Amino acid sequence: MLMPRIHLPSGVAALAIWSLVTPGGMAGHPADWMLELTVRGQRIEGAPVAWNSRQVVLLARDGQLWRFAPEEAADYRKTADAFRGYSPAHLRAALMRELGSGFEVTGATHYLVAHPSGAGDAWADQFENLYRRFVQYFSVRGFSLTEPPFPLIAIVCRNPAEFARLASQEGIRASEGLLGFYSVRSNRIVVYDGNQESRVQGLGEQDFATVIHEATHQMAFNTGIHSRTAEPPVWVAEGLATVFEGVVDGGASADGPRQSRVNRARLRDFRNSGGASPSSMLADMVAHDRAFQTSPAAAYAAAWALTFYLVETQPARYWQYLARTATRPPLGSYPSTQRTADFAASFGADWNMLDARLSRFLDELSVR
């Protein structure tokens, strides 16, 4: 049964709708109902997941996040008492309309993958296998993940121009060497298959690592590990993605020998950058994201090293820390002092001790 429309001037209507979510008016907790509304001339349906007097974040039924000022929205209609993602059939049809001819869309349990025609089920099967291994990896370490409320979408581009066009839509410059990305806004993975004849199985090492890395971001942001409205520090997101690169690329079991889960490429990068992790560097990476701009290769290697050490040796504390970063209030900043305090609450503030233990742990690992 359709709910009645609300006819108020747009700015007033916006404030009225958000005040219905809790008796106290503006709040930061997800709504437990859905509405349909018009934003910038486009009709969308979903649930408000964060809001204040200046901004609303709406989770659309296709998984995309819409951010807008309250006064930008108009013509509200409540449609349901609980959020419900679109069906795979609905999303498949929408993807086909969006991407046009030359693409096929293949489904798996958790995925819809738009890929060049003729690729069969290879891409969807690959992504689904990554999802199963991701869940297993965290399950054996006592982590409880949530199921995504909609299919996860991946797009495999046919050529560099197509990849560059989709990247530009997300505000990403398709620089040389960029083979894929995950967008928190659209909730999609976009990758470029530089060797379409490979049909996934023949992907080069770098191509396959990119698929693993971006899929890990998407899975983490959709299973409760990270929050899309209060994003984690860069080292947390990138560290987890690089750890999972090693788990999959090494063919390791989630609970087998630790050496089988080593990301050898990242360990080599770490040792090539000096092989040391001085306490000041660790503290800076925890507090700030700047190293990923100034020294990206070293920063990614250090993020892998710290994350691999924590998840392998202190999984319960690591899970506690992830929960801290994922349950922060939405729409706010994450100042360096709070980032440091959150880390210290789980692992302590003795950076010299952490550095010594991390160094001993890494010295025992092999790149072979």
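**Cavity**

I began with the second largest cavity of this predicted model, and I found that about 40 Å³ of space lies in it. The structure holds 2 cavities of 30 Å³ or more.

**Arginine 61**

Next I looked up arginine 61, in the loop that runs between strand 4 (56-60) and strand 5 (65-68). Is arginine 61 buried or exposed? Its relative accessible area is 10%, so I put it down as buried, the cut-off being under 20%. Leaving aside neighbours within four places in sequence, I listed the contacts of arginine 61 as Met34, Glu45, Gly46, Phe83, Arg84, Gly85, Tyr86 and Phe150.

**Nonpolar cores**

Then I turned to the cores. The largest nonpolar core has 68 residues, and the ones with the most contacts inside it are Phe127, Trp235, Trp304, Leu306 and Phe343. Helix 10 (residues 296-313) gives this core its largest share, 11 residues. Another core, of 15 residues, lies apart from the largest one; among its members I saw Leu95, Phe103, Ile153 and Leu166.

**Proline 232**

My next stop was proline 232, in the loop between helix 5 (205-222) and helix 6 (234-249). Proline 232 counts as buried because its relative accessibility is 12%. How far apart in space are proline 232 and alanine 326? I read 6.9 Å from C-alpha to C-alpha, although 94 residues separate the two in sequence. With neighbours within four places in sequence left out, proline 232 is in contact with Phe221, His226, Ser227, Ala237, Thr325 and Arg328.

**Confidence**

The protein averages a pLDDT of 85, and 85% of the residues score at least 70. Among the elements, helix 12 (residues 336-347) has the highest mean pLDDT, 97, and strand 1 (residues 5-6) has the lowest, 42. I marked two stretches where pLDDT stays under 50: residues 19-29, with 18 contacts beyond four places in sequence, and residues 197-203, with 15 such contacts. Where pLDDT is low, the predicted coordinates should not be read in detail.

Conventions
Residues numbered from 1 in each chain as written. Predicted model: local features only at pLDDT ≥ 70, side-chain atom pairs only at ≥ 80, totals over all residues. Heavy atoms only, no water. pLDDT = per-residue confidence, 0-100. Helix = DSSP H or I, 4+ residues; strand = E, 2+ residues; numbered from the N terminus. Contact = heavy atoms within 4.5 Å. Core = buried A, V, L, I, M, F, W, Y, C linked by side-chain atoms within 4.5 Å. Buried < 20%, exposed > 50% of the residue type's maximum accessible area, 1.4 Å probe, protein only. 1 Å grid on protein atoms, 1.4 Å probe; cavity = no way out; pocket = protein on both sides within 12 Å on 5 of 7 lines; lining within 4 Å. Points joined across faces, edges and corners; volume = space filled by probe spheres on them.
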